[in-house]
Amino acid sequence: MKHLDITTWNRKEHYEHFKQLVDPYFAVTANVDVSKAYQYAKDNNVPFFVLYLHACMKAINGVENFKYRITEDEKIVIHDIIHASATIMRPNKTFGFSFIHYSEDLNEFYQNFLNEKTRILNSTNLFPPVNSDNCIYCSAIPWVNFTGHKEPKSSINDSVTRLAFGKFEKQGGNLKMPISITVNHALIDGYHIGLFFEQFQKSLDSIQ
């Protein structure tokens with residue numbers, strides 16, 4: 001982990017402007033093609049959620065701005081790796097927040113997911129034992145093919161990216177799934193979201 005020098009950052013004015021807004025967040029919802037990932041999941045008996053979450057985390061870690069976080073003393077740190085804090089549902093329809101350590105290796109990431117799933121299914125705790133902001137918050141909403149989505153926020157200094165994955169549907173012979181991403185505009189612009197979706201789709205298409 002290192003610190004970003006805000007004084008020489010080419011987004012210094014952007015940061016200072018959006019940082020002081022009452023609500024510096026904005027969100028984008030877009031469809032991604034999950035056809036290859038879904039077929040791979042079926043053929044290899046791997047949870048579809050794990051496959052697309054892994055592809056998502058590849059993309060998040062591939063765009064530097066998604067690694068930025070605002071500290072309590074209003075500095076900016078750059079984390080080395082961003083992990084996944086996903087909601088995992090229990091049989092009673094409550095859920096727990098997970099902390100799934102990211103690995104480029106799919107098998108290792110899958111095992112990390114299974115460890116967290118086991119922990120959550122055997123507890124009533126909402127929060128994971130890890131308390132860190134070097135993650136993204138994400139939820140699967142597979143019951144709704146949404147076209148928009150709103151995430152809750154905790155404070156003006158909260159800078160953790162949030163994602164929601166919706167219900168996929170067949171469109172023109174392919175499976176399309178809506179993805180909502182919510183970011184703090186003090187750190188991330190539309191350009192960076194464009195990079196994320198580009199890399200996310202590339203990761204999904206390269207699953208084999």
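**Around Met-177**

Modeller: Let's start from Met-177: apart from neighbours within four places in sequence, Met-177 is in contact with Ala-30, Asn-31, Val-32, Val-34, Phe-48, Tyr-52, Phe-165, Gly-166, Lys-167 and Phe-168. Contact here means heavy atoms within 4.5 Å. Before going on, keep in mind that this is a predicted model, where local features need pLDDT of at least 70 and side-chain atom pairs count only at pLDDT 80 or more, while totals for chains, interfaces and linings use all residues. Residues are numbered from 1 along each chain as its sequence is written, and side-chain values use heavy atoms, with hydrogens and water left out.

Met-177 sits in strand S10, and with a relative accessible area of 1% it is buried. The cut-offs are under 20% relative accessible area for buried, over 50% for exposed and partly exposed in between, using a 1.4 Å probe and protein chains only. One thing to look for on screen is Asp-33: its C-alpha atom is 6.5 Å from that of Met-177, although the two are 144 residues apart along the chain.

What about the aromatic side chains around here? Tyr-38, Phe-48, Phe-49, Tyr-52, Phe-113, Phe-165 and Phe-168 form one aromatic cluster. Among these, Phe-48, Tyr-52, Phe-165 and Phe-168 are also contacts of Met-177. The structure as a whole holds 15 aromatic pairs. Take Tyr-38 with Phe-168: the ring centres are 4.9 Å apart and the planes are at 55°, so this pair is tilted. That pair links distant parts of the chain, since Tyr-38 belongs to helix H2 and Phe-168 to the loop between strand S8 (162–165) and strand S9 (169–171), 130 residues apart. For the cut-offs, rings of Phe, Tyr and Trp (its six-membered ring) pair if their centres lie within 6.5 Å; planes under 30 degrees apart count as stacked, over 60 as edge-to-face and the rest as tilted.

Now follow helix H2 to its end. Asn-44 is still in H2 and is partly exposed, with a relative accessible area of 39%. Next comes Asn-45, in the loop between H2 and H3, which counts as exposed at 70% relative accessibility. Its phi is worth a look: most residues other than glycine have a negative phi. Asn-45 is not a glycine, yet has a positive phi of about 55°. Elsewhere, Lys-93 also has a positive phi without being a glycine, at about 75°. Lys-93 lies in the loop between strand S5 (83–89) and strand S6 (95–97), and at 62% relative accessibility it counts as exposed.

Leaving aside neighbours within four places in sequence, Ser-85 is in contact with Phe-97, Ser-98, Phe-99, Cys-135, Ile-136, Tyr-137 and Cys-138.

Finally, zoom out. The protein chain has five helices and 10 strands. Its radius of gyration is 17 Å, close to the 17 Å that the globule rule gives for 208 residues, so the chain is as compact as a globular protein of that length. That radius is taken over C-alpha atoms, and the rule is 2.2 Å times the number of residues to the power 0.38. The C-alpha atoms fill a box of roughly 50 × 40 × 30 Å along the principal axes. Buried residues account for 48% of the 208. Of the contacts between residues at least 6 apart in sequence, 69% join residues at least 24 apart; the link between Tyr-38 and Phe-168, 130 residues apart, spans the chain in this way too.

How values were computed
Helices (H or I, at least four residues) and strands (E, at least two) are DSSP runs, numbered from the N terminus.
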